[in-house]
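Here is a short report on one protein model.

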Amino acid sequence: MATLRELKGRIGSVASSEKITGAMKMISSAKMHRAEADLRRLLPFRQQIENIIGNLLSTDAEFESPLTETRDVRSVAFVVLGSDDGLCGGYNINIFKGLLQGMADIRARYGEGVAVTIIPVGRKIAKAAAKIAGPSVSVETFGNVSAKSDAAAVRDFAAGLEKGFLDGRFDSVQLIYMNFQSVSRQRLRRDTFLPVDSASLSAEGVRSLCRPCIFEPDASSIFRSVLPMFLLALMQEVFTENRASEQAARIMAMQSANDNAKNLLEQLQLEYNKLRQQSITTELLDILGGQVKN
């Protein structure tokens with residue numbers, strides 16, 4: 001049985017843990033709200049790009065771009081966005097499971113001979129991806145990109161993926177990330193980044209103001225110039241959603257840890273009080289026993 005001193009020490013340790021998890025929850029909450037604000041700031045840029053593409057598609061012109069070219073899939077790149085830090089519950093585990101499922105789907109669709117390149121974003125995912133590297137699965141990094149990368153690094157990262165596609169290194173580029181919906185809900189998504197799906201650029205898929213426009217120099221040239229901007233806006237949104245989802249997952253993990261610490265603290269406090277009461281009772285009985293003998 002634990003002594004009063006041992007119980008007191010354990011109570012102090014659990015109380016400190018409760019304070020730490022509470023503070024971490026508050027920090028993660030602030031970071032999540034900042035990421036939510038970044039998502040709202042990205043929205044006007046994304047909408048403007050979609051308006052331009054919508055107006056272009058409303059014309060009768062034919063549009064072509066190397067970024068929309070579909071070809072036989074022999075090499076697929078998976079861009080997997082996770083976290084740099086831990087203490088976020090099963091966040092990275094769920095993303096890694098999504099990667100394994102994505103690889104299985106690709107091989108079921110295009111054959112076992114498809115070469116897979118994993119491009120991890122975040123130290124935790126990079127560590128997990130290294131364990132499944134093999135003859136047909138390679139792991140690469142593009143620059144110094146991380147889960148906390150700024151806008152300039154994201155732009156260079158998107159440009160590197162486009163170059164890899166245009167050079168023929170990748171026939172398809174897939175994005176695997178957590179779609180932020182609320183603090184308690186993040187949904188795993190796997191989207192095709194390249195080639196750009198024509199369905200996502202249909203008149204229904206993008207916004208159109210339906211205004212009569214004069215295109216200069218011509219609609220096709222504008223389309224080829226705007227399409228990389230569309231991809232950049234998509235990549236910026238994915239990185240921001242990843243940051244918001246990570247912090248939301250950490251909030252839930254810290255809340256769970258905080259609740260467990262409170263429950264444990266209550267149990268230890270009850271055990272401490274019982275042991276203390278038992279000790280007092282024993283001392284009183286010893287005193288009374290001594291008085292009777294006298």
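Is R190 buried, exposed or partly exposed? R190 counts as partly exposed, at 35% relative accessibility. Buried means under 20% relative accessible area, exposed over 50%, and partly exposed in between (1.4 Å probe, protein chains only).

## Basis of the model

This is a predicted model: local features need pLDDT of at least 70 and side-chain atom pairs count only at pLDDT 80 or more, while totals for chains, interfaces and linings use all residues. Residues are numbered from 1 along each chain as its sequence is written, and side-chain values use heavy atoms, with hydrogens and water left out.

## Salt bridges

The structure holds 12 salt bridges. Each is a side-chain nitrogen of Lys or Arg within 4 Å of a carboxyl oxygen of Asp or Glu. One of them joins the side chains of R190 and D105 (2.8 Å, N to O). This pair links distant parts of the chain, 85 residues apart: R190 sits in strand β5 and D105 in helix α2 (residues 91–110). Helices (H or I, at least four residues) and strands (E, at least two) are DSSP runs, numbered from the N terminus. D105 is partly exposed, at 30%.

R189 bridges to D191 (3.0 Å, N to O). R189 is partly exposed at 30%, whereas D191 is buried at 18%. Salt bridges with shared partners also tie R46, E50 and E237 into one network.

## The β4–β5 pair

Strands β4 (residues 172–182) and β5 (residues 185–194) run antiparallel, joined by nine bridges. Two strands pair if DSSP finds at least two bridges between them. A hairpin of two residues connects β4 to β5. F180 has Q186 in β5 as its bridge partner.

R46 belongs to helix α1 (residues 4–57). R46 is buried, at 16% relative accessible area. Its side chain makes a polar contact of 2.3 Å with that of E237. A polar contact is a pair of N or O atoms within 3.5 Å; within protein, one must be able to donate a hydrogen and the other to accept it, and residues adjacent in sequence count only if both atoms are side-chain atoms. Not counting residues up to four places away in sequence, R46 touches F230, A233, L234 and E237. Contact means heavy atoms within 4.5 Å.

R224 is in helix α5. R224 is partly exposed, at 39%. Its side chain makes a polar contact with the side chain of S220 (2.9 Å). Leaving aside neighbours within four places in sequence, R224 is in contact with E64 and S65.
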